[in-house]
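This report describes the architecture, surface and charge pairing of one protein model.

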Amino acid sequence: MSDKNGSADKPDLVALRQEINRTRAEFGETVQALAARADVKARAREQVEETKQRVLTRAAEMTGRVRETAAGATERVRDTPPRELAQQAGERVRANPFPTLLAVAGIAAVAGIILIIRGRR
């Protein structure tokens, strides 16, 4: 089965070298991937940048929406008599008093804090 120098039992040297080169390339890619994961600062910077871009995009979208809504509201206010506006505001407060209660509670809290700070002096 083997000739005098035993070459029939030896694997193909070219195939072995190709396999070694493939393994080296795969190993190099694995090391690079692990190094990238281990670079916490770079990953944090990437995350911050991605978040920043998402926030900026969302802020731009919301700014456009607010401007559109404000323009429509301004137009409606201009076209509505003051008495009717007051009546609509009263109806809204009666329908949902929670925001008004929150505003009153906030004002009371601020006034209390001011009185406490002044009392310490």
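## Salt bridges

A salt bridge is defined here as a side-chain nitrogen of Lys or Arg within 4 Å of a carboxyl oxygen of Asp or Glu. The model is predicted, so local features need pLDDT of at least 70 and side-chain atom pairs count only at pLDDT 80 or more, whereas totals for chains, interfaces and linings use all residues. Residues are numbered from 1 along each chain as its sequence is written, and side-chain values use heavy atoms, with hydrogens and water left out.

Two salt bridges are found in a search of the whole structure. One links Glu19 to Arg22, with 2.6 Å between the closest N and O atoms. Both residues belong to helix 1 (residues 13–38), where they are three residues apart, about one turn of the helix. Helices are DSSP runs of H or I with at least four residues, strands are runs of E with at least two, and both are numbered from the N terminus. Glu61 forms a salt bridge with Arg58, and here the closest N and O atoms are 3.4 Å apart. These two residues, Glu61 and Arg58, lie in helix 2, again three residues apart, about one turn of the helix. In general, side chains of opposite charge can pair when their charged atoms come close.

## Accessibility of the paired residues

Relative accessible area under 20% is termed buried, over 50% exposed, and anything in between partly exposed (1.4 Å probe, protein chains only). Glu19 is partly exposed at 38%, and Arg22 is partly exposed at 45%. In the other pair, Glu61 has a relative accessible area of 43% and is partly exposed, while Arg58 is partly exposed at 46%.

## Overall architecture

The protein contains four helices and zero strands, in the order α-α-α-α along the sequence. Its radius of gyration is 36 Å, well over the 14 Å that the globule rule gives for 121 residues, so the protein is more spread out than a compact globule. This radius is taken over C-alpha atoms, and the globule rule is 2.2 Å times the number of residues to the power 0.38. Along the principal axes, the C-alpha trace spans about 115 × 50 × 25 Å.

Thr74, in helix 2, is partly exposed, with a relative accessible area of 35%. Between the C-alpha atoms of Thr74 and Ile117 the distance is 39 Å, for a separation of 43 residues in sequence.

## Surface and charge

Buried residues account for 2% of the 121 residues. The accessible surface comes to about 11300 Å², and 60% of this belongs to carbon and sulfur atoms. Such areas come from the Shrake-Rupley method with a 1.4 Å probe; for residues, only the protein chains shown count as cover.

The protein has 22 positive and 16 negative charges, whose mean positions are 12 Å apart. Lys and Arg count as positive and Asp and Glu as negative, without His or the chain ends; each charge is placed at NZ of Lys, CZ of Arg, CG of Asp or CD of Glu.

Asp39, Glu46, Glu49 and Glu50 form a patch of negative charge on the surface. A patch of this kind joins like charges within 9 Å, using residues with over 30% relative accessible area and no salt bridge. Glu49 lies in helix 2 (residues 40–79) and is partly exposed, at 37% relative accessibility.

Definitions and conventions. Patch = residues over 30% accessible without salt bridge, like charges linked within 9 Å, V, L, I, M, F, W, Y side chains within 5 Å.
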